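Here are some questions on aromatic contacts, each with a reasoned answer.

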Amino acid sequence: MVPVSPANVLGSHAEHVRPLVVETVRARHDRSAEAHEVSESRYATGFGTQWRDLLDDMETALRQGGGYETYRLPPAGYKLAVVNDCLVYVWRVPGHVDGASMFASSPTRRNAFSAKLPDPALFQPGYTGEPDPDLDPLQQLEVTRVVNEAVARVMPLVLVMVRSSPRQLQSIHWAVADLDQASGTVQLHGLECIWSPESAAQDASTDVEAFDSGVPNGPAVEPRRQEETPPDA
Amino acid sequence: MRDDTPGLFDLGHVRRGSGRFEAARLTLARVRIGASKTDLALEVGVSAAAIGQYEAGVNSPRADVLDRLATALEVDPAFFAVGRPLARFDAMNAHFRSLRSTRVSDRQKALATAALLWELTFVLERYVKLPEVDLPAIEADLTPSEAAALLRRHWALPDGPVRHLVATAESRGVVVAVRPRGEIDAVDAFSARIVERPVIVTTPRRSENVFRHRFSIAHELGHLLMHTDSGEQGASVEKEADEFAAAFLTPASAMDSALPQRLNLAALDRLGRTWGVSSTSLVRRMVERGRTTDSSARRAYQRLTMLEDPAADPTSAYPGEVPTLLTKAAALAAEHGGDVPVLAEALKISARRVRDLLGQADERPVLRLINGG
């Protein structure tokens with residue numbers, strides 16, 4: 001059995017999506033942190049309101065940067081990107097919450113676990129339900145079967161979890177999330193840290209030798225031989 | 001060639017008090033200790049006008065006055081003799097970091113220090129070979145960034161951070177000295193080419209923190225390359241040297257990929273520790289590269305000022321940033337017959353002052369005569 005992870009469900013898109021996700025989260029964090037600093041607020045309430053912008057930023061980045069379709073999650077109508085038939089939801093994990101246990105506490109977020117694949121037009125631009133004259137009847141049947149199957153299928157949910165405070169972006173993880181309808185608990189599969197301050201530091205210094213690395217080659221001085229004439233003599 | 005003038009290295013042949021009097025040497029010795037003509041006149045027992053006449057070359061002091069001048073200025077009487085290596089400090093094209101706060105007397109004192117440092121290297125070269133001066137010639141129309149890129153190429157520095165900047169500069173024949181606190185604080189840092197030898201002098205205010213120290217050294221390298229011949233002074237020249245330093249330490253092409261997309265002080269701190277520059281200079285670089293706005297940068301500067309720990313990252317903790325050329329040369333010279341007393345005799349100054357120029361603490365006990373003992 002292939003382990004379920006974001007890399008599996010996103011397939012070849014994972015490589016492209018991952019840096020877009022990281023860049024988008026970091027950019028929103030930086031803006032929110034700066035706004036918090038400028039406001040000189042004693043409370044992190046304002047900083048916490050970034051969650052809605054984060055959702056919109058992510059949808060925009062994936063739509064504009066990757067051409068991915070948008071899915072509106074009812075009832076609140078949050079716009080989410082659909083990547084390789086997976087819903088991508090970015091969520092700033094509240095400071096007091098342990099793991100993803102609270103994710104399914106809102107009706108809209110809960111609906112993310114039962115989102116069906118969007119309109120078949122997504123898969124075959126120009127698809128109208130009419131038989132395609134270029135396909136033979138057998139192929140046409142196959143297309144209809146695939147589309148019907150797809151319409152009935154629930155999209156896997158790739159949950160991007162952001163941990164941050166006004167002082168620091170602490171981490172970005174992603175995982176495939178599913179909901180145990182009976183107990184209401186969220187399970188994470190293939191949880192992976194895709195950004196941390198440490199990894200960023202490593203990236204910044206990749207292939208770069210720090211200014212103080214290695215042993216300095218000091219200036220070379222050597223004794224002057226008797227027969228040598230000093231300069232300017 | 002003048003037969004009556006000893007060669008530059010025939011210093012020992014100038015007998016005590018026997019050479020003709022060189023007025024500029026008196027000025028050099030006086031401004032070096034920061035004494036006014038009036039102060040010196042009182043000390044020596046002549047009028048201030050007489051000191052002025054000696055320094056103008058109108059009159060020469062009598063032998064007894066010369067001895068008293070030498071005593072007051074802590075030099076040998078032969079220090080004032082004609083024919084000694086004389087770097088005319090009053091004619092040097094030096095560039096000072098602190099433009100507004102520096103008095104003429106402070107600048108003269110700093111230049112006198114630089115002149116003596118040069119004389120020390122000059123005498124050391126009797127015994128040791130110092131690295132050849134290796135600075136490229138710069139076309140007048142080059143921008144500071146182009147000049148910085150040229151120096152990187154000329155020194156064959158790899159892309160990335162400039163490692164061990166001071167050791168690198170000294171290996172290319174640049175003399176670097178950090179003068180102790182209280183001596184020439186007012187000038188901050190300065191540089192000059194003295195008889196072709198580039199000399200950079202900084203003070204603890206600039207050099208205590210390694211990042212500020214590296215930027216200062218790069219700034220002075222910029223002056224040495226771009227402004228030595230012109231002798232131009234002023235804020236625009238200082239700005240050019242700043243641009244040179246930024247481009248030399250953090251080239252724009254490298255920064256475009258290394259700088260964060262948004263102002264993030266933690267990220268800048270990490271980046272600065274790799275490139276050997278302060279977060280403040282990286283914020284400035286972000287503004288220059290269009291990554292942030294002036295208003296965001298101002299807030300970042302305020303925040304950095306609040307967070308600044310003056311004791312953090314001392315230069316002394318980074319061996320590649322501590323000058324070693326003069327001390328290494330002096331140690332080798334001592335092994336080959338040029339120890340401190342010999343150098344002092346050649347320079348016609350006290351051994352204590354030679355050690356001071358070398359940055360060595362004088363650890364010998366201080367002896368005092370006890371009256372009636």
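Q: Over the face of which ring does Arg152(B) lie?
A: A charge counts as over a ring if NZ of Lys or CZ of Arg is within 6 Å of the ring centre and within 35 degrees of the ring normal. This is a predicted model, where local features need pLDDT of at least 70 and side-chain atom pairs count only at pLDDT 80 or more. Side-chain values use heavy atoms, and residues are numbered from 1 along each chain. At 5.9 Å from the ring centre, Arg152(B) lies over the face of Phe248(B).

Q: How far is the charged end of Arg25(B) from the ring centre of Phe79(B)?
A: The charged end of Arg25(B) sits over this ring. Its distance from the centre of Phe79(B) is 4.1 Å.

Q: What kind of aromatic pair do Phe103(A) and Phe113(A) form?
A: Rings of Phe, Tyr and Trp (its six-membered ring) pair if their centres lie within 6.5 Å; planes under 30 degrees apart are stacked, over 60 edge-to-face, the rest tilted. Over all chains, eleven aromatic pairs are counted. For Phe103(A) and Phe113(A), the centres are 5.8 Å apart and the planes 85 degrees, making the pair edge-to-face.

Q: Are Phe103(A) and Phe113(A) buried or exposed?
A: The cut-offs are relative accessible area under 20% for buried and over 50% for exposed, with partly exposed in between (1.4 Å probe, protein chains only). Both Phe103(A) and Phe113(A) come out as buried.

Technical notes:
Chains are lettered from A and ligands numbered from 1 in the order in which they are written.
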